[in-house]
Amino acid sequence: MEKFTLELLFQIIGIGSASGLIYKDNSLLIIGDNSGFLYEYHIDSKDLKRYPLLENPTENTPKKDKADFEAITHFEDSVYVFGSGSTEKRNKMIQINSSHKRVTATNDITNLYAALQSFGEIKAEDFNIEGAIYNGKSWFLVNRGNGSANKNVLFTIEGKNLTTDFAILSNNYKLPKIQGVRSSFTDAVLVDNSIYFLATAEDTKSTYEDGEILGSLIGSINLKTMKIDFTQKISSTHKFEGLTLYTNSKEKIEFLLCEDKDTEVLETEIYKLTLDKK
């Protein structure tokens, strides 16, 4: 898949630091890593609603205090939002009813994140969950390897729950460099039997501090072999952090992407990425 087009589709005023999105029924559910809200944007009407994920939520939470919601996924009538785990305050998993958008459970997944760090041999300072997938049986979480160890890891988790009863598998990946800097996972989504992922090259050795953005790429992992099928650079300037399926046909596959500009400005740009299958 070398042929692609990337285009700016529209801009949403009222959301900043977008870090994940879900497309469904011509609407978008969006999270921001600075924000304590879940946003719902109706594409046709351009109507934007927000729903609290935390008590006393704010839209530009100070960095040291934020829950750092970086990953969002859904299955049937539930939406799941994950903190990155990059500090002790970022270990929450929020479950939301997809109909009325109310929080149905707030889970402390400190034990899970500790187990992932141990199993994946990732130091606490290199741990940074940026993408989540749930297919009703297995969870897939991706660790962004933007710490000094460049630990890009795809975790597969199965069990009765994510707090006390789970089993873990892990796969490590050496992603391509962009301008001499190793790229690292920023999101992932399941399409048929493949996990499509975004990765960004950011000139930093910290999961906490931001750095110069050098570009982003897309790729896919075969769910059966857990090997990378392809990677394709899609930008030299954007830090894409959200990925959701838009359309899928025999000829092409389209995704919607959101960008985290690491600012407090409450505006988000949504891009459409088209990959040719021929």
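Biologist: Which side chain does the side chain of Ser86 make a polar contact with?
Modeller: This is a predicted model. In it, the side chain of Ser86 makes a polar contact with that of Ser84, at 2.8 Å. Another polar contact, also listed at 2.8 Å, joins the side chains of Ser86 and Arg90.

Biologist: Where does Ser86 lie?
Modeller: Ser86 is in the loop between strand S7 (78-83) and strand S8 (92-97).

Biologist: Is Ser86 buried or exposed?
Modeller: Buried, because its relative accessible area is 14% and the cut-off is under 20%.

Biologist: Switching to charges. How many salt bridges does the structure hold?
Modeller: The structure holds 13. One of them pairs Lys66 with Asp33, with the closest N and O atoms 3.6 Å apart. Lys66 is in the loop between S5 and S6 and Asp33 in the loop between S3 and S4, so the pair ties together parts 33 residues apart in sequence.

Biologist: What else does Lys66 form a salt bridge with?
Modeller: Asp68, with the closest N and O atoms at 3.7 Å. Lys66 is buried at 8% relative accessible area, Asp33 at 5% and Asp68 at 4%.

Biologist: And which residue does Lys239 meet in a salt bridge?
Modeller: Glu202, at 3.3 Å from N to O. Lys239 is in the loop between strands S19 and S20, and Glu202 is in strand S17, 37 residues apart. Both Lys239 and Glu202 are buried.

Biologist: Which residues are linked in a network of salt bridges?
Modeller: Glu7, Lys252, Glu254 and Lys272.

Key
Residues are numbered from 1 along each chain as its sequence is written. This is a predicted model: local features need pLDDT of at least 70, side-chain atom pairs count only at pLDDT 80 or more; totals for chains, interfaces and linings use all residues. Side-chain values use heavy atoms; hydrogens and water are left out. Helices (H or I, at least four residues) and strands (E, at least two) are DSSP runs, numbered from the N terminus. Buried means under 20% relative accessible area, exposed over 50%, partly exposed in between (1.4 Å probe, protein chains only). A polar contact is a pair of N or O atoms within 3.5 Å; within protein, one must be able to donate a hydrogen and the other to accept it, and residues adjacent in sequence count only if both atoms are side-chain atoms. A salt bridge is a side-chain nitrogen of Lys or Arg within 4 Å of a carboxyl oxygen of Asp or Glu.
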